[in-house]
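Please read these points with the model open beside them. They go from the chain as a whole to one residue.

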Amino acid sequence: MKIKNIIRLLYTMCFLFSNFFLFSQEYRNSGFSKPMNLPFKLAGSFGEPRKDHFHSGIDIKTNGVEGEPVFAIGDGYISRIRVSPYGYGKAIYITHTNGFTSVYGHLSKFYDAIEKYIHAQHYLLKKSELDLTLDAKLFSVKQNDIIAFSGNTGGSTAPHLHFEIRNTKTEHALNPLDFYPSNFYVDTIPPQLNRIKIISLNDDGVYYSISDSFRLKKENNIYKPFDSILLRNESKILISLEGFDKQDNSENKNGIKTIVIYKDDSVVFKYNLDDVDFSSTRMCNAFIDYNEMMNNNGYFYNCYKLKGNQLNYYSSNGLLSLPEGENRFRIYCFDYNNNVSEIRLNILRDGDMATALAINQDSNVVSKSVSFIKEDSILNSSFKIKFPAYSLYDNILLEVAKVNISQITYAVSNSQQLVPLHKPAKIEFKSYIKKNRNKIVVVRQDNNGKETALKTTFDKTKFYADTKELGTFYLKYDTTKAEIQILNLNYEILNKKMQAKISDNLSGIDTYNGYIDNKWVNFYYYAKNDVIQYNFDEYCTKGEHLLKIIVSDKVGNKTTVQQKFIY
């Protein structure tokens, strides 16, 4: 490595380290203890990209088991408790005396008095799902008090503790690792980089070409494309790269914290992710390459800022000019521990050729360049889609194509890529169908053929729905009731629990309730497994009983099953 390259890298690392040191020293004086008596081996890192959001904490591995004690990291009080089939599942929020709030998610159960209180609230409110804001005097805690036990509830796919630290005033999530000694988290492995993409723009900044990804090879700790990159008609480009970070003794693919791009000796782009603002976390769909993510091709980090992306992580918009001849770039990728990987990228631009966007002339296809900064819409025959201002991240050409005449099916797409929405778009279907009109839903089908029924309203002439994703849309009847299957009743009773599998073929589960001798009992819903579970409590005494389960879907189809059992 040449001397000037070494100096450049050292300068970048010193800059990053100084910022990291200033932030972390302030946080590390907070005096927090660990949330578990386990090492910080992470299944997920802070700020790493996910669909529709940034990961707002760290996921601490629990060696594949549930029931590990979870401790309050500092003095304070329990300010919020949630019980949900989704997201964090069973979760506790503690407001601390030093201006921070800690969050503990995917818990299996709460500790003693907390568990008894939540149990009573279920029956008082006759609700299985809870989101309670608590008075400061109800549950005060001291540092290292046991508050709960680790689990696998909510959206978790394996046992672990989701752990967050937030600024109580701003409610922004901060990196929990900044609050602990550096030796708590062992990572000596730099990010692994796999592929890079070039996105071409014309002189007006309009996208007209997105390259296939170039594979990267590693030689002498430097990543380079396998093939040389020759561009002919690209005066301006954007770069996106795919990779991940790994911790020592772990196979989990975690996020890249910082990317810095140099052209020659000048910084032309940098992002650094220090906090997560929940009000803008959906903009993660602009932070990464949405099309690649949705096609399961990994996370490509966009080294540019789309016009509608309001995240404050960036030093510039990342728009790179390419004069004719050779253009040399160096890209540095850092993980949380400032381990660094380098990409050397040489792009040769040879000549200039005009490029025009092709507009589809099919009579069943309506094409339009949709504005991101103002309300816009596209109308095709009996279908209309309206985009509120700032629902897109950039101006983009979209097509509404009638793809099935008999079923009245419309596909909304861009010919080159899947397009994310920041705000829901509004769907209108014109239809005069009268029979069972209240059982018709607007359905969205994704590019893999998966159907999702949207929450639908209607009047005499139209059906309306909001969609958070583009795709193919049509109307469909949902007259099929949800299914309920009681599982191994005799075996489950021996284990002091009762389970049933519930599922719906289209609009989805809306309500689920269980009764013993016509009295409501609390079933927790493991939505990821389509299972509801009742743990036997004081509301079921020894003897013969009648179990009744009632499930409704989102258009009002209701299913009831009953079965006698002996406890």
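1. Among contacts in the chain between residues at least 6 apart in sequence, 67% join residues at least 24 apart. Keep in mind that this is a predicted model.

2. On secondary structure, the count is 45 strands and five helices.

3. For overall dimensions, the C-alpha atoms occupy a box of roughly 85 × 65 × 40 Å along the principal axes. The radius of gyration is 27 Å, which agrees with the value near 24 Å that a compact globule of 567 residues would have.

4. On burial and surface, 52% of the 567 residues count as buried. The chain's accessible surface is about 26,900 Å², and carbon and sulfur atoms account for 49% of that.

5. On charge, there are 70 positive and 62 negative side chains. The centres of these two sets are 4 Å apart.

6. Where does Phe-372 sit? Phe-372 is in the loop that links β27 (365-370) to β28 (376-380).

7. Is Phe-372 buried or exposed? Its relative accessible area is 8%, and the cut-off for buried is under 20%, so Phe-372 is buried.

8. Leaving aside residues up to four places away in sequence, Phe-372 touches Lys-307, Gly-308, Ala-389, Tyr-390, Ser-391, Leu-392, Tyr-393, Asp-394 and Asn-395.

How values were computed
Residues numbered from 1 in each chain as written. Predicted model: local features only at pLDDT ≥ 70, side-chain atom pairs only at ≥ 80, totals over all residues. Heavy atoms only, no water. Helix = DSSP H or I, 4+ residues; strand = E, 2+ residues; numbered from the N terminus. Rg over C-alpha atoms; globule rule 2.2 N^0.38 Å. Buried < 20%, exposed > 50% of the residue type's maximum accessible area, 1.4 Å probe, protein only. Contact = heavy atoms within 4.5 Å. Areas by Shrake-Rupley, 256 points an atom, 1.4 Å probe, with all protein chains shown as cover. Lys, Arg positive; Asp, Glu negative; His and termini not counted. Charge placed at Lys NZ, Arg CZ, Asp CG, Glu CD.
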